[in-house]
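Dear colleague,

My notes on its contents follow directly after it.

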Amino acid sequence: MGKYAKHLAAVGFLVLAMVLLYLSAAAWGSLALGKVMFHLESPISISEGVEVMDRAEEDSEDAEEGRQLLPAFCIWGQKEGIAVENKNLSRTSTADAILLCGEPGLVFEGCQLPIWGDGQGCIISEDTAWELFGSSQVVGKEVSCRGTSYVVRQVLPIQGNMIAFQLGQRSAAAGERQGDPSGSPSRQSGSSFGQGNQVYSGGSSGQGSQVWAEEQLDRITLKSEEGISKRTLEGTLGMQYGLSVQLLDIELLGGISGACMLFAPVTICVFFAALICRQYKKQKTRPGKAWMAGALILLAAVTFLFLKGQIRISEDYIPSRWSDFSFWSSLWQEKADAVKFLVGMEKTELDNRWAYGFLKAAGCGLLAEILLLAGLVKSRNFNTNP
């Protein structure tokens, strides 16, 4: 019975390792690795945020000036403990309010509404929807916040009470300038940002700007685009828009947690490589050795392709000149400062999501490696001690 107990323990360790590996991969995939996030060292007002969006829109329409165009972005901030009301049912909920200037999909994954300029729309979480309406099917219904009514454009499948608003309000005058007297959204080719390239004029006098005029924005999230480094984005935000920012290096956290996630798969590949090598030595005939050599080459090719698809090196990690030996010491100090800032910064509820994702991905990856090694050791002991 002792032998079988050890065998079952080995199998149990291996199964748990695979489950933890799956959880690690899922958490790693939830990190915002396709985005670049900055923290504003000096928070800006709502009107200043709208003005930056308007200036970026003008730059995208006037690209011949030679300015560096920003990819799609969103300036945002959070206000905690905001009362939200459903007047029809006399229900009230307390939620964290996310104030948006720009692309909502960069802050909430898979969210497309309300688009920039829709000052009457909002999005809410499922928990908030259930508290206010007793249902999550509430798109098109109205909620009230700070004495102003908003129409629910989308319900987000996230936990916790949350509501988000667009701060810009498209004016009728802006519509007339685009050839639409009604003031409805129009399309402008060549725009580098905005939902569907729709052009809006934020207008600091919009409804969202008035209701939240006393609040501030302290975050910028941009879409990560190949060929545009984080240093370039930081310089553009500073020189063209006067914004002093601190990078939130989520990519670094993704690299650390990704390495933790890869420990177990690499260990499995090494284990099978060692097993094939032992079988190769045992073979007495050339065909047998050829089969083992072919299996080893196939395993090496699969491992290489797997790692190639998982490992990506950012341009920020490559020196402009290989003779620049000080680059590496500077990079180390920069990344150490980035980690220190991420740990010490005051985090919003949205920040807690990527922080939790990092800890889960790294923790589960390391535990998967430990359990995998334990399972392999027990399995080996079972085979060598019948």
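E109 is exposed in this predicted model, because its relative accessible area is 67%, and exposed means over 50%. This residue forms a salt bridge with K35, with the closest N and O atoms 3.2 Å apart. The pair links distant parts of the chain: E109 belongs to the loop between strand 3 (91-102) and strand 4, whereas K35 is in strand 1 (residues 35-45), 74 residues apart. K35 itself counts as buried, with 16% relative accessibility.

In the whole structure, nine salt bridges are found. Another of them joins E215 to R146, where the closest N and O atoms are 3.0 Å apart. E215 is in the loop between helix 5 (207-211) and strand 10 (216-223), and R146 in the loop between strand 5 (142-145) and strand 6, so this pair ties together parts that are 69 residues apart in sequence. E215 counts as buried at 13% relative accessibility, while R146 is partly exposed at 39%. D218 counts as partly exposed at 22% relative accessibility, and R219 is buried at 2%.

Strand 4 (residues 121-125) deserves a separate paragraph. Five of its five residues are buried, so the strand is largely enclosed by the rest of the structure. G121, I123 and S125 point one way, and C122 and I124 point the other way. In a regular strand, side chains alternate between the two faces of the sheet. Strand 4 runs parallel to strand 6 (residues 148-156), joined to it by five bridges, and G121 stands opposite V151 there. With strand 7 (residues 162-166) the pairing is antiparallel, over three bridges; I123 stands opposite A164 in that strand.

As for the nonpolar residues, the largest core has 43 of them, and W212 and I220 touch the most other members. Helix 2 (residues 46-61) gives the most to this core, with five residues. Apart from it lies another core of 26 residues, including L20, L21, M261 and C364. Residues touched by I220 include V36, F38, F73, L237 and V245.

On the surface, V11, V15 and V19 form a nonpolar patch, with about 220 Å² of accessible area together. V15 lies in helix 1 (residues 2-30) and counts as partly exposed at 46% relative accessibility.

With kind regards

Conventions:
Residues are numbered from 1 along each chain as its sequence is written. This is a predicted model: local features need pLDDT of at least 70, side-chain atom pairs count only at pLDDT 80 or more; totals for chains, interfaces and linings use all residues. Side-chain values use heavy atoms; hydrogens and water are left out. Patches are made of residues with over 30% relative accessible area and no salt bridge: like charges are joined within 9 Å, nonpolar side chains (Val, Leu, Ile, Met, Phe, Trp, Tyr) within 5 Å. Accessible areas come from the Shrake-Rupley method with a 1.4 Å probe; for residues, only the protein chains shown count as cover. A salt bridge is a side-chain nitrogen of Lys or Arg within 4 Å of a carboxyl oxygen of Asp or Glu. Helices (H or I, at least four residues) and strands (E, at least two) are DSSP runs, numbered from the N terminus. Buried means under 20% relative accessible area, exposed over 50%, partly exposed in between (1.4 Å probe, protein chains only). A nonpolar core is a set of buried Ala, Val, Leu, Ile, Met, Phe, Trp, Tyr and Cys residues joined through side-chain atoms within 4.5 Å. Contact means heavy atoms within 4.5 Å. Two strands pair if DSSP finds at least two bridges between them. Lists of a residue's contacts leave out its neighbours within four places in sequence.
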